[in-house]
Amino acid sequence: MGLIKPLLYTLRELFKRPITVKYPYEKRDISPRVRNIHTLDRDTCQHCGICARMCPNNVLKMVDGYPTADYRYCSFCGICLDACPTGSIQMIHTQEHNIVRAYQKDLYMELLSPDGTIYNPDAPHSEDNETGGVL
Amino acid sequence: MASFEKIAASPETLVDTMRGLKASGFTFLEFMSAVDYIPKNRVEPGANRIDATYMLWNPAANEQKMVVVPLSRDNPSVPTVMPVWEGANWHEREAHELFGIDIKGHPNPRHLLLAEGWNDTYPLRKDFNVDDVEIDWNVPTSKLAEGNPERVYHFAVQHPGAHGPQGFDLLLNGNTIVDAEARIGYVHRTLEKIGEQRNYYQNILNMERGCIMCGMPYIDVWARAVEELLGVEVPEKAKYLRLIAVELNRLSSHLLWMGPQQGGDFAYMPVMMWAIGDREKVLDLLEALTGGRITFAYIRPGGVRWDIPEGFRDMAEKNLRYLEYRLPMYEEMMFRQPIIKERLTGLGKLTPGEAVGLGVSGPSLRATGVAHDTRKDAHIPIYEDLGFRIVTQTGGDGWARGMVRLGEMKESIRLILDALDRLPPGNSEADLFNRKAMPWMKVPVGETYAVTESCRGRLGIHLVSDGTNKAYRTKIRGPSFSNMYAVEHILKKGSYLYDIPALIGSMDTCPADMDR
Amino acid sequence: MLADSLLFKLFVFPGTVFSFIIVLFLFWWWRKIGASIQSRYGPKHVGPAGTLQTIADVVKLITKESIVPERASRWFWFMPVFSFVLSFLFLSLIPFSDHWVIIDFDASLIMLFAVMAIEPLFIFLVGWVSYNKYGVAGGERAGIQMLAYEVFLALTFVPVIMLSHSWSLVGIVYGQGVSPTWASPVLHTFVDRGVWFGLVQPLALVLSIIAVMMATEKKPFNLPHAEPEVIYGSSTEYGGPFYALQMLSQFLMGFLGAGLITTLYLGGWALPSVPPALGFVLKTLVVGTIIIWLEHSLPAMRVPHLLEVAWRKLVPLAFLNIFITLIIMEVLGWA
C-alpha cells in the first residue's frame, strides 16, 4: 500500500513543467560573484608578480611585466585577486563559456582589459603559442 | 577545535599502552600515520627519526590524545594495533606504503593506495625523489586476483553501480560473497604532500579538492587549524558565515547522496532526477554566496573571503523553504516505500561497539544510536548557540543511515535560516593579511589537530608547522577512508551481490575523500 | 488479394514493417514519459518533438562496429537474432483483429506460454556465449526471475480460459462477447462486443499486468539487466547493431505484453466506431502507457524479495482469483 503514494507523486510530476533550463536558448541569471575570466588593468599594474607567485596551479606567469594566464590549469579560485595589492586583476562573470579553443596551446593567453577587450591580439606570448590570445 | 596531549610509547609497549588507553575511555582511533623528521628539518633541528602517530579520541569527554612512537628512519617497525582496533587495518597499510613503516603482524600488508609493484620509495618521506620511482605493473593489485583472476568478480571503477572510482574485488559463490577486497586509490593525488608544497593560503584551494561533493568542511577545518597555530580569533560574523556555507554544502551533498547515490542503486530515476533538480536551489545559494557551485575557495584562514551578498536572506528563505516542503515527499518516495524499505532494512547492520571499533563516523555512526556529532562534541560555539540537535537512529542498518541523513537535512535548513536571522554585525574576517606579504605569511612552529563534521563523518587535519610559510606535515583524516573499511568488513562477514551497491551507497563513501 | 496473403501479414502488417514503426514510436514515447516524470524534456531536437530521435539512434547504432569478444562462442552472433525471432513468434500469435492475425489455432495460448518460457533461456544463453562474468550473472538472474513469474503468469490467465471456454486467443476475444444477461443492456451500449473480462475481473487485470511486467522485465522486476548490480546483465558484451536489435526486441516484447493484456482482459480489438486493428493498437498503447508509468515510478527489487513477493503474495492471490471466478460464474450463471 505504501506504493500508492510514490505512484501518485510521479503521476503528478507527469503533468508539471520540466525544470530544465534550455541552455543555449534561455539563460539563467548568474551571481555577480561567479568568476569566469580574468581582466587586468594595465595602467595600475605594478609588475610585482605577487599574483603569479600566489597562484596555486602556476597558471599566471609574468610575460613582459604583465601576468598572462594558462587556462589549461586555471581553477578560477580567485586567489590572484586576493593577492593583488592594487586590485588590477579582477575576475568577471560571463554568460558564455568563452574559454573554448580548438588547441590547448591557444589557452595560454594575455589577460583581458577591464572592458572585456583584447590588449594586443597579434602579440605572441611564448614559443609554443603562434596564434596569440584570441578571445 | 581540539588540541591534544602527546604520549610517548615504544614499539614494545605500544599494544599495551593502547589497551590501557582504550579501557580508560579513548575508544575511537581516528588515524594512524607518521611524521618524518629528516636531520635538516626546522621543527626539531637535528632529529633523525620517524614518529608513528596514533590519534585517539575519547568521545565521552571529548579529549584527544596522540600516541607517538619514535622510530629510526632506516628500519622503522611497529607492531600492529589491529587486536585493539579492527579499524587500524587500512591506516597501517597506508603508513606502510607511504612512509615505509614495517607493520609487524599485519594480516594483509599489501599496498592500498599505490600500485602493488611500486618499488621501495615512500612518497610522504621528506627525502622522497620522484625520479627514483619504478613501478612493475605486472604485479596484481589485489590479493584475490593473485591466484585465480578469472574467478574474481570486479565490482569496481568501470562498474555502473560502484559510485565512482572505488569498489571491490569479489569472490562469489552464486550470489553469496565469499571474500572481498577493496580496490581504492584510483584518485590518490597525495593531497597531503601537495599540502606541504603549497603555502598556507594556497592550500584553501588544494584542501577543498579533498571531497568534490563536500569541499567546504575541508577548507573550514584547514582554516581553523591554521588559525589555531597563528593564535587568531575569528570574528563572530565569520563564524556564522562559515556555518552557513558548511551547512549549505552539507545539504547539497546529502541531496546528491539521496538521488544519484542511494536512488541510483535502485535505478530509481524519479528521485535521482528530482534530487539533482532540488540541489540546484542549494547550489544557487552557494553560487550567490561564494561564486562557486562545486568548489568555492570561500573560507580562508582568518575568516571568509566575502561578506553576505544583498538579498541573500530572502533567496535563502525561498529556496530552503521549498526544499523543506519537498523533504516529506522524499521520505515517502525513498524511505517509506516498501520496495526500498525492504532493500535497506538490515542492510550492513553495525552495532555501536563495532562501528566505533572500525572508526566509522558521521551519519553511519549516528545511525547505530551513538550520539556523536563533531559539530556538537567539538564545542563549536555557534552550533551550541543555535540549539543544534544531534539526529540519531537506533537501527544501525541502511534504512537508519538514510533517515539520519534526512533528519540532518531538516536540521541544516533550520540552522541556516536561524543563523541568517541572528547574523551579527561586524567584519567578516580578522585583520590578518598584509597583501604584499601574503605569499610569505609565516606560521609559528607548532602542532595542532582540527576536527569538524564533514558530510561523511569526522574530518580532521593534523598540521605540523616548522615556522616557514609552508606546512611541514598535513595529515588529513578522511572519514570515507574508515567508512569504506567498514564496508569491506561487512562484506567479509557475508553478504550478497545484490546488496553491494546499496551498501556502498548507504555508507556514502566518497572516493576522493578516501584516497586524498 | 495482396492484403489477405500471409506474406503481407508477415512483412507489412502486423509483421515486420508495422512492428518496426510501433517499436520506434514506443521507444520515443517511453523516453518522453520517463523524462516528464523526471522533470526533464526528453528528446527534443530531431524531428517534431524529437520523434525522429529513435531513428537517429538506431542508425547510429547500426553503423557502429560490432565488437565480438575474443573468447566468445561462435554463437555470439546468433543469439540476439534468435531472441528477436522469438519475439516475432510472439507477435505472430497476438490477434490484432480476427482477420489480422498470423497464426491462430485451438491452443495458441499454450503456444504463447511456451514462447514466453523459452525467452529467459535465450537471455541466459546470450550471457553464456559472450564469455562474460556479468553476462552469466545476469543470465542466472533471468532464470531466477522465470521461476518467480512463470507459474504466476499461467495462473493469472486461468480465469480467462474459464470464462471464455477457449484456449485460442481469438476465441478468448470472442468469448468477451458472451456476457451474463443482466449486464448486457448496460454494458453493450458502449462495448459493442460485450463485457470485457477486465470489468468482471479487475483483480485479475491488475495481477496480469504485474505478471506481464515481470515477463518483459519492466522496472521493479528488471533483475536480469539491473545496472547497479550486473552492469547490463546478459547483454553486457553486445554493442552497436546487436544492442539495437536487443533494444528493439525488448520494446517489441513490451508492446506485445501490453497487447496480450488487451486481448485477454480488454476485449481485444473491440472498440466502437473504430476499425478493429486500430482499436487494438490504441488500447494496447493505453495499457503500454500505464506500464511505462509504473516502470518509471518504481525502484528495482532485490532478488529474494522478488521471489518472496511472487510466491508468498502473488501466487496465493492468483489462486484466490480463480475461486472468485468460480463464484462469479456460479452466481451470475455464466454460460
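# Exercises on contacts in a predicted model

Chain B is assigned domain 1 (4-142) and domain 2 (191-515); such bounds come from an automatic or database domain assignment. This is a predicted model: local features need pLDDT of at least 70, side-chain atom pairs count only at pLDDT 80 or more, and totals for chains, interfaces and linings use all residues. Residues are numbered from 1 along each chain as its sequence is written, while chains are lettered from A and ligands numbered from 1 in the order in which they are written.

## Exercise 1

Describe the contact between domain 1 of chain B and domain 2 of chain B.

**Step 1.** Start with the centres. Over C-alpha atoms, those of the two domains of chain B are 26 Å apart.

**Step 2.** Count the residues. Domain 1 of chain B gives 23 and domain 2 of chain B gives 26. Two residues are in contact if their C-beta atoms, placed from the backbone, lie within 7 Å.

**Step 3.** Find the elements on the domain 1 side. Strand S2 (28-37) and helix H2 (88-99) of chain B supply at least two residues each. Helices (H or I, at least four residues) and strands (E, at least two) are DSSP runs, numbered from the N terminus. S2(B) has the largest share, six residues.

**Step 4.** Sort that side by class. It has 13 nonpolar, seven polar and three charged residues. Ala, Val, Leu, Ile, Met, Phe, Trp, Tyr, Cys and Pro count as nonpolar, Asp, Glu, Lys and Arg as charged, and the others, Gly among them, as polar.

## Exercise 2

Work out which helices of chain A supply at least two residues each to the side that touches chain B.

**Step 1.** Chain A has 23 residues in contact with 26 of chain B.

**Step 2.** Name the helices. They are H1 (4-14), H2 (50-54) and H3 (79-83) of chain A. H1(A) gives the most, five residues.

**Step 3.** Sort by class. This side of chain A divides into twelve nonpolar, five polar and six charged residues.

## Exercise 3

Characterise the packing of H10(C) and H14(C).

**Step 1.** Two packed helices are described by the angle and the distance between their axes.

**Step 2.** Apply them. The axes of H10 (residues 202-215) and H14 (residues 303-332) of chain C come within 10 Å and cross at roughly 145°. Axes are lines fitted to C-alpha atoms, for helices over the stretch in contact, and angles run from 0 to 180 degrees between N-to-C directions.

**Step 3.** List the residues. H10(C) uses C:Leu203, C:Ala204, C:Leu207 and C:Ile210. H14(C) uses C:Leu314, C:Leu317, C:Ala318, C:Asn321 and C:Ile324.

**Step 4.** Sort by class. The contact has eight nonpolar, one polar and no charged residues.
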